[in-house]
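Visitor: I have a structure open and would like to go through it with you. Can we start with one residue and then zoom out?

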Amino acid sequence: MADHGATLAEFPIEGERVEVSKFSRIILIAAIIGGIGIVVSLAIFLFGGDSQVRKSFSYSWLFACFYFFTIAAGGLFWVLLHHASNSGWGIAVRRIMEHLANMLPFTFLLLMPILLLKTPREALYEWMHLLSIGEVDALLAAKAPYLTLGFFFVRILFYAFALSGIAYLLRRWSLQQDRTGDVRPTFLARRFSCGFIPVFAISVTFIAVDLLMCLDYTWFSTMWGVYIFAGSALSSMAVIILTVTALRSRGYLGKVVSMQHYHTMGKLMFAFTVFWAYIAFSQLFLYWYAKITEETKFYILRNTEGWHFVSLFLVFGHFLVPFAFLLRQRAKKDVRQICAAAVWVLFVHMIDIYWIVMPERGPSITKGELLTIPGALFLDVIAIVTVTAAMVFLYLRSMGKYSIYPARDPRLHESVRLIN
Amino acid sequence: MAEASTSDTARPVIARESLVLNERPMSWVTNRICGIVENRQPFLWWVLFVPCVMLMGVLGYCLAYLVATGVGVWGNNHPVGWGWAITNFVFWIGIGHAGTLISAILFLTRQKWRTSVNRAAEAMTLFAVICAGIFPAIHVGRFWMVWFLAPVPNANGIWQNFKSPLLWDVFAVSTYFTVSVIFWYVGLIPDLATLRDRAKRGIRKAAYGFFALGWRGGNRQWRHYEMAYLLLAALSTPLVLSVHSVVSFDFATSIVPGWHTTIFPPYFVAGAIFGGFAMVLTLMIPARKIYGLQDLITPKHIDNMAKIILLTGTIVGYAYIMELFISWYGGNKYEQAAFANRTGGYYSWAYVCMFTCNVIVPQLFWFRYCRHNLWIVMAVCMCVNAGMWFERFVIIVTSIAQDFLPGAWDFYHPSWVEIWTFVGTFGLFLGLFLLFIRFFPVIAMSEIKGVLPKSDPHYLPPGTFTHDAEGREIDNDGEQ
């Protein structure tokens with residue numbers, strides 16, 4: 001345990017620099033897969049014409065990109081929370097959160113093909129299609145000030161610059177402290193993080209509205225932003241746990257991160273498992289109970305045929321199983337068990353995003369004739385594999401540039417001596 | 001800057017602020033807190049207590065008058081079947097949230113600053129829930145039939161509607177109250193034993209001795225106690241969330257425009273914590289002054305609570321804005337009309353009060369000066385107390401006064417009975433709190449001793465020297 005043994009003298013002032021070459025094999029494989037995947041994906045996007053494949057692939061791409069957006073946004077949430085609450089426990093892992101948050105610009109970059117190209121965009125968002133062909137119904141007309149193409153792009157630009165900018169600034173201040181050992185960046189980050197939190201909350205809420213809720217422009221829920229946020233914080237904590245473990249297995253962070261940190265991170269993952277369930281249940285329950293047609297349509301679609309089993313899987317897989325598993329202290333203090341839980345959480349979160357996006361695809365593209373598009377699963381696999389490979393490549397490469405923990409943070413001593 | 005930072009630029013260290021000021025020893029903590037119970041109460045205590053008793057009398061009279069006459073003495077009318085009674089119920093239940101939040105959730109998240117305020121906040125929780133419980137019990141009209149709320153087998157074979165959120169509310173609130181009482185009492189045991197050991201006379205010693213359950217403070221007792229406390233904290237945490245979520249279901253499961261929205265559960269919980277913390281500060285800021293507890297409830301504590309008020313107030317603001325946005329975006333005419341009525345109709349003054357008090361005024365807490373000026377803190381907390389009452393009034397009354405059928409619209413005015421019943425509950429609440437101060441240790445002595453520097457196994461008394469991480473000799477103040 002680091003709590004009694006560790007003293008600051010054991011940690012070099014320049015911190016620990018990760019040699020990316022130790023991950024060279026993974027990086028190489030990710031680069032190859034990601035490269036091929038991006039070429040294939042771009043080929044579909046650019047030369048797919050008006051085909052069903054191109055339209056279906058737009059959904060696959062949105063699913064894959066939004067999945068990684070939630071993880072990166074969660075990373076930013078943890079950095080913000082850490083600064084704003086003046087926490088000490090997580091200094092040892094904060095740089096990893098910062099790296100994760102700095103994946104945000106890339107997720108926006110990857111989203112570009114489906115937002116900029118007309119056919120994919122209109123395949124996803126029916127309201128854009130209706131606007132472009134001039135068939136505006138009363139409901140869409142009522143929403144016109146919000147659902148217009150110009151304002152949509154202004155908003156997307158705002159989210160991209162606001163979130164990426166916050167992530168960039170917070171890591172920049174932290175790195176500045178690495179170089180100078182000055183305490184001021186700590187105060188600066190704390191002060192600004194408090195102000196950034198509302199910007200973060202608004203951005204995450206409305207990007208969830210714009211990219212996911214508007215897949216069906218007639219449906220709405222006030223809880224939607226909170227729902228997406230809950231899954232986002234949960235899955236990013238899982239990535240942080242897995243990253244720490246990967247680094248430790250290659251000889252880094254050995255003295256800085258102890259089982260106490262794993263325990264804390266496990267508790268946070270547990271807490272957000274419950275929080276996600278609370279939000280998901282409340283939303284479902286209130287719509288189910290009131291039984292108003294325009295509200296229940298979201299769930300009716302997802303309880304039709306095969307989607308019903310996916311919905312049921314989420315109840316067990318996203319809540320009951322991780323809840324029961326993580327309830328035990330042992331599961332949070334044993335590296336293998338907590339990593340297994342983290343992998344599971346990432347998997348079920350992927351299913352959650354899939355469950356949000358995909359039921360809209362069949363009815364939208366086939367004008368209500370088919371619930372699912374035959375063979376589209378193959379496209380989904382291409383999209384998720386490509387984006388995962390690209391993200392892993394970028395994420396691991398970002399690890400090597402700076403010390404893997406903020407070595408001159410004024411609260412490092414608190415973090416290495418953490419006792420739960 | 002509040003924190004002390006060392007001049008070592010190679011590796012700076014920011015020290016945490018002390019939770020107990022002036023390096024008070026453990027004996028001072030015991031004497032100061034036990035002294036409140038053991039000594040005569042200051043004159044001010046009586047100045048406050050006597051009006052509270054009188055207000056309790058008013059409450060008793062109003063309740064008796066209501067039961068003797070019928071609910072017709074209230075201002076309820078046809079569309080507005082829920083007026084002040086349910087507004088007040090939700091208001092008090094909300095206040096009753098901060099205690100268990102401070103005790104349970106802050107305990108689980110290892111927030112040591114909770115120790116100075118958790119006891120009083122828990123007590124406040126219980127008294128607020130008692131005040132809340134009065135309203136659903138009496139609003140049924142035939143008070144003697146209130147036992148029908150409980151699923152007891154009876155001769156007529158009449159059962160409750162288990163599909164009704166109102167019934168879940170009965171279960172949720174009574175479970176919350178029961179667990180809160182147990183949690184509060186378990187936390188009290190070591191301190192009651194301290195009072196027992198210091199008591200000289202018969203009745204006092206016997207009473208504290210009885211309730212201390214034979215506490216001796218042995219190692220084994222502490223081990224069991226701490227495990228029990230942790231388990232109770234873990235049990236209470238979901239209850240904090242569940243109670244107000246279920247209260248929100250009372251509204252949100254219906255199809256009444258303005259009530260039926262998915263964000264209600266977390267929004268109600270955030271609002272309850274918001275209102276609860278404001279009430280904790282409203283009570284504790286005067287109490288720390290009257291009983292000289294400034295070294296225990298420090299500016300740091302008040303600063304932290306002010307920040308929580310800012311955070312939860314802003315979350316509440318987020319919910320208000322989401323409600324407005326989705327009511328417009330959803331395109332449902334009835335929802336749009338409900339919010340148009342709320343913001344621009346006859347009750348718009350209440351909406352303005354609510355929004356100003358709950359969202360705009362707490363933004364003052366962005367400034368450190370405002371969090372450290374007790375007059376401003378008190379003023380903001382008073383606004384929050386009022387604002388949270390208005391929130392419930394706005395939700396309940398404006399939504400049903402003008403619902404689907406314009407021909408059935410009507411206005412609601414509270415009668416004098418409703419007004420004085422509500423005022424009376426303040427007498428009950430404050431009176432019980434004053435009695436609590438009189439008979440129980442207002443701050444958890446055993447817990448606050450646990451966060452003193454001396455409790456740290458690595459603590460070194462002043463004047464002794466040790467070595468720092470780099471091997472340099474330092475004294476225990478961190479000076480080289």
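Visitor: What does A:Glu16 touch, not counting residues up to four places away in sequence?
Guide: A:Glu16 touches A:Gly251, A:Tyr252, A:Leu253, A:Val256, A:Tyr402, A:Ser403, A:Ile404 and A:Tyr405. Contact means heavy atoms within 4.5 Å. This is a predicted model, where local features need pLDDT of at least 70, side-chain atom pairs count only at pLDDT 80 or more, and totals for chains, interfaces and linings use all residues. Residues are numbered from 1 along each chain as its sequence is written, chains are lettered from A and ligands numbered from 1 in the order in which they are written, and side-chain values use heavy atoms, with hydrogens and water left out.

Visitor: Where is A:Glu16 in the chain?
Guide: In the loop between helix H1 (2–5) and helix H2 (24–47) of chain A. Helices (H or I, at least four residues) and strands (E, at least two) are DSSP runs, numbered from the N terminus.

Visitor: Is A:Glu16 buried or exposed?
Guide: Buried, meaning under 20% relative accessible area, with exposed over 50% and partly exposed in between (1.4 Å probe, protein chains only).

Visitor: And which side chain of opposite charge is nearest to A:Glu16?
Guide: A:Lys22, 8.1 Å away. A:Glu16 has no salt bridge, which is a side-chain nitrogen of Lys or Arg within 4 Å of a carboxyl oxygen of Asp or Glu.

Visitor: Now the whole thing. How many helices and strands does chain A have?
Guide: Chain A has 19 helices and 0 strands.

Visitor: How much of chain A is buried?
Guide: 60% of its 420 residues.

Visitor: What box do the C-alpha atoms fill?
Guide: Roughly 70 × 45 × 40 Å, along the principal axes.

Methods:
Lys and Arg count as positive and Asp and Glu as negative; His and the chain ends are not counted.
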